[in-house]
Amino acid sequence: MNFRDIACDHLAQYRVDVLGVKEDGLFHYRGQDIPKHHILPISNLEMNILEKYRDRFWSSEYADQTKVKLHRYFHHLNSSQALCFNLFYPLIAEESLGLFLGYIGVNQKGNPIPTFEKESELEVAERKTSFDFHIKLASASQIFVEVKYTEDGFGKAESDFEHQVKFLNTYLPLLVKSKYLRPECKGEQFFFNHYQILRNLVHISDTDIVVLLFPKANRLVAEQADYARDFLLSDKGKAKLKIVFLEDFVSFLEDKCRGGKLNGYYQDFRAKYLPLV
């Protein structure tokens, strides 16, 4: 089995054994509602946030859906948006985002400003790239975080009229200015073949970095992240991309949070999301 199958089987058991939810959730597909073991009923979607911070999260500004829109499949236990909330919200709540910044080698003075579902401010388009997590630093630099969990890699785009117009009007001007991407990235079909990841990487700048965060056990995502670093970025760009393995970062947090307010929390996170470790 691949990582997705293993994770979803584990989450199906987690739904019953840990959350105590006996009823399957429904996956709406081609006009049909299909029961799936790793999905929560919509009425139980709040339970996709780990119990220790569940009430605080849902009463916080980060759960305000006028600011942070829940994904359509948030009630899926393998939702990468829910994983992102579960990973970063406790660090925000306990004023411990410095742990993440230190892990990726960023020195920060002052208070970082975190945002979930941050819309691109570079793109001039009706539908803009949205990053799972974003941190604005006092130094005016930014950290853009793309989170993957069980996804089958980064998405491509069709070479249709809508995407061609968007490429010419939105992305080509950004690609031409970038000294962090290799010249072939400016080709239209090449861009479409690496659409999602290049939409992320185009945000790298003199002050800003991009983080790709995912389980290293998800080999499809890991291979594409390695390819992006090795073949899409210039030498200058490689230093501005941080690849973070979820397993390693969680181990780091488990160690650093011992004895503090987050003591034991990331063990619970591991028990939900990392069945292979």
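**Entry 1: what I'm looking at**

I'm working with a predicted model, so everything below is computed from that prediction.

**Entry 2: helix 3 and helix 10**

I started with two helices that meet. Helix 3 covers residues 80–93 and helix 10 covers residues 246–256. I looked up how their axes run: they come within 13 Å and cross at roughly 25 degrees. Angles under 35 degrees count as roughly parallel, so helix 3 and helix 10 get that label. I also checked the handedness, and helix 3 passes helix 10 in a left-handed crossing.

Next I asked myself which residues in helix 3 meet helix 10. On the helix 3 side I found Leu83, Leu87, Phe88 and Leu91. Their partners in helix 10 are Leu246, Phe249, Val250 and Leu253. Sorted by class, this contact has eight nonpolar residues, with no polar and no charged ones.

**Entry 3: aromatic pairs**

How many aromatic pairs does a search of the whole structure find? It turns up 34. I picked out two of them to look at.

The ring centres are 5.3 Å apart and the planes sit at 90 degrees. Planes over 60 degrees apart count as edge-to-face, so that is what I wrote down for Tyr53 and Tyr265. Tyr53 is in helix 2 (residues 51–58), while Tyr265 is in helix 11 (residues 265–273).

Buried or exposed? I looked up Tyr53 and got 3% relative accessibility, which counts as buried. Tyr265 has a relative accessible area of 1%, so Tyr265 is buried too.

Phe191 comes out at 0% relative accessibility, which makes it buried. Tyr195, at 7%, also counts as buried.

**Entry 4: Gln13**

Last, I went to helix 1 (residues 3–17), where Gln13 is found. Its relative accessibility is 46%. The cut-off for exposed is over 50% and for buried under 20%, so Gln13 counts as partly exposed.

I also looked up how far Gln13 is from His38. In sequence they are 25 residues apart. In space, going C-alpha to C-alpha, Gln13 and His38 are 7.9 Å apart.

How values were computed. Residues numbered from 1 in each chain as written. Predicted model: local features only at pLDDT ≥ 70, side-chain atom pairs only at ≥ 80, totals over all residues. Heavy atoms only, no water. Axes fitted to C-alpha atoms, helices over the stretch in contact; angles between N-to-C directions. Helix = DSSP H or I, 4+ residues; strand = E, 2+ residues; numbered from the N terminus. Parallel < 35°, antiparallel > 145°, perpendicular 65-115°, else oblique. Left-handed = near helix turned anticlockwise from the far one by under 90°. Contact = heavy atoms within 4.5 Å. Nonpolar A, V, L, I, M, F, W, Y, C, P; charged D, E, K, R; others polar. Phe/Tyr/Trp six-rings, centres within 6.5 Å; stacked < 30°, edge-to-face > 60°. Buried < 20%, exposed > 50% of the residue type's maximum accessible area, 1.4 Å probe, protein only.
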